[in-house]
Amino acid sequence: MKRLSPYLYVAPTLIVLGLFVYWPIVYSVWLSLHRWDFLMPQPQYVGLDNFRIMFGSDQFSNALKITALFTVASIPPMLILALGVAVLIAPPTRPNRVLRSVYFMPTVMSAVAIGVIFDWMMNTEIGTFNTWLRALGLDGVDWLIDPDLAIYSLAMVEVWKQVGYNVVIYAAGLQAIPATVYEAARMDGATSWQRFRDVTFPLVMSTTFFLLILAVINGFQVYTFVEVMTQGGPARGTEVLLFYLVRTGFEGGNVGLGSAIALFLFGLLILLTLLKMLTIGRKVHYGYD
Amino acid sequence: MATTEATSGQHALLKVGRGRRAWSPAATLRALFLGLLAIAVLYPLWNILAISLADRSSVISTDRTLWPPTSDAYARAWFNVPFPRYFLNSLIVTGTVTIGNTLTAILAAYAFARAEFRGREFLFLLIVGTLMIPAHVTLIPNYLTFASWHMLDTRGALILPFLASGFSVFFLRQFMRGIPKSLDEAARMDGAGTWTILWTIIVPLSWPAIAVVALFAFIGNWNEFVWPLLTTSSEDMRTVQIGLRYLLRDEGEGATPDWPLVMAGTMITLLPLLVAYLFAERHMIRGITMGSFR
């Protein structure tokens, strides 16, 4: 009984994760090697055909491009804003704490709710942004209707949602910089800009890299904003990878191709995650000995 | 985290700010920048409230007046749209997931923190390894699994996959390892068994970490969107997120949404989270900073 008991404690977790995380990966690999829609009685083995179809498909390369645009467009404003804010609100004074909790708030809000608000604010006819622009005597912008612009509008929403998280992580990174480093810089007569450029910036580099990769990981999994605000349109202008996956695998019922897309995404994200783990040095690796 | 705050970096940053006049141009710019950013975050939230209290027809005209406020949209959300049903579904699903996820994590974390057993390191790696696996990869196979169990469009399908998570186990195990083993041994001397030690010593001492884990499970599951969107088909099974999504845009494309109703739905959807945030924001931020460096 004594021998067995640790396994009993671990069993519920292992069963759930085994059934709904590990088994699905094995199953995905199997599915990706078969042609199967919900109408066919038997899946048919087709080797790597699904991958060949995927890589040859214009819709796939479009989805990849759109996802990359979304990710690349959202990262610089997100990181720059976050670092700027983190430096300014780093001293733990009361107003700074209040500001930090305000900036962090969107992080806990549901993506659906955020999508709904910005769907309203970016509405061409009656939305908030265009109301403001018209009040300034400018023309309204087709935020979500212009096929070339829509994905950048969604990237702005992503920045709005994620910036607070990045502020919090940067603030934690800043706290890890020893006070003596700043004192030394002050002794040498460095101005506050020089202190930022030559001390803060290089010393939060590992945090920046961590946040950068995390943002790529998140960016490649964007789905909800697209589902709620643009449905992949207009003219596939916002059809990101996951949206393409769901459309193919679920609405199109092409389970094999859908699984191939999923595995492609999986491979990509695993690579990025391994890269992220490399950036976390021992000293910030929380709690490990 | 508290000890770190008291020691290193923040002093340095405090000193950077020391000696600057309160109303120097730099301080004014700083306040302006931070203030504008705070408005950029809060304004959309204010928008939800304002539109949800507006009159339906006045919202879509360009010279809209939001005064006088009316609670009409909330009444419609509650009585005309089955929002109470969605809310109840979300409460049941998220409540079960929060409790279940926390319980499985407490058990597993305790074993990993305290017991010596064959394969411990491997099993722990297996569990923490799930943090690397994006949930979206599992959508199709999990859908097929629940289809073969004839469980699509049930609450079970919304609950089961979320009853354990690598993050919860990892986070709790890190915390439990910090509890001195001498406490266990003292209890063992008094005749307490493994199970008793868990519930009388470890769990009460792990309370702050358990709260973080439960909070994250709650937030994550309340906001869950893709899985319930794909697995629920009947209106009766919808959670608030799915209900809200169909409120904005039902199958019929092109129709103008009933904006006050949509915003009232958004408000109802956000409320539990904003309340939780108000009370537990500090725990949440601490959990995020600890959890991110995994």
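So, the contact between the chains: chain A puts in 78 residues and chain B puts in 74, where two residues are in contact if their C-beta atoms, placed from the backbone, lie within 7 Å. On the chain A side, helix α1 (residues 5-32) gives the most, with 17 residues touching chain B. Helices here are DSSP runs of H or I with at least four residues, strands are runs of E with at least two, and both are numbered from the N terminus. Sorted by class, that side of chain A has 59 nonpolar, 16 polar and 3 charged residues. For the classes, Ala, Val, Leu, Ile, Met, Phe, Trp, Tyr, Cys and Pro are nonpolar, Asp, Glu, Lys and Arg are charged, and the others, Gly among them, are polar.

Quick housekeeping. This is a predicted model, where local features need pLDDT of at least 70, side-chain atom pairs count only at pLDDT 80 or more, and totals for chains, interfaces and linings use all residues. Residues are numbered from 1 along each chain as its sequence is written, while chains are lettered from A and ligands numbered from 1 in the order in which they are written.

Okay, the chains one by one. Chain A comes to 13 helices and 2 strands, and its C-alpha atoms fill a box of roughly 75 × 75 × 35 Å along the principal axes. Of its 289 residues, 43% are buried. Buried means 20 or more other C-beta atoms within 10 Å of the residue's own, exposed means 12 or fewer, and partly exposed is in between, with C-beta atoms placed from the backbone. Chain B has 16 helices and 0 strands, and 39% of its 294 residues are buried. As for contacts in chain B with a separation of 6 or more, 77% are between residues 24 or more positions apart.

Now, what sits in the middle of the packing? The largest nonpolar core holds 153 residues, and A82(A), A86(A), A108(B) and L172(B) touch the most other members. The biggest share comes from α7(A), with 15 residues. A nonpolar core, by the way, is a set of buried Ala, Val, Leu, Ile, Met, Phe, Trp, Tyr and Cys residues joined through C-beta atoms within 7 Å. Take A108(B): leaving out residues up to four places away in sequence, A108(B) touches Y9(A), V10(A) and T13(A), plus I127(B) and V169(B).

Let's stay with helix α7 (residues 150-175) of chain A. Its axis comes within 6 Å of the axis of helix α4 (residues 94-108) of chain A, crossing at roughly 130°. Axes are lines fitted to C-alpha atoms, for helices over the stretch in contact, and angles run from 0 to 180 degrees between N-to-C directions. So α4(A) and α7(A) are oblique to each other; under 35 degrees is roughly parallel, over 145 roughly antiparallel, 65 to 115 roughly perpendicular, and the rest oblique. Among the residues making this contact are R100(A) and F104(A) of α4(A), and W160(A) and K161(A) of α7(A). By class, it's 9 nonpolar, 2 polar and 2 charged.

Last stop, I145(A), in the loop between α6 (128-135) and α7 of chain A. Is I145(A) buried or partly exposed? Partly exposed, because it has 16 C-beta neighbours inside 10 Å. Not counting residues up to four places away in sequence, I145(A) touches T124(A) and P234(A).
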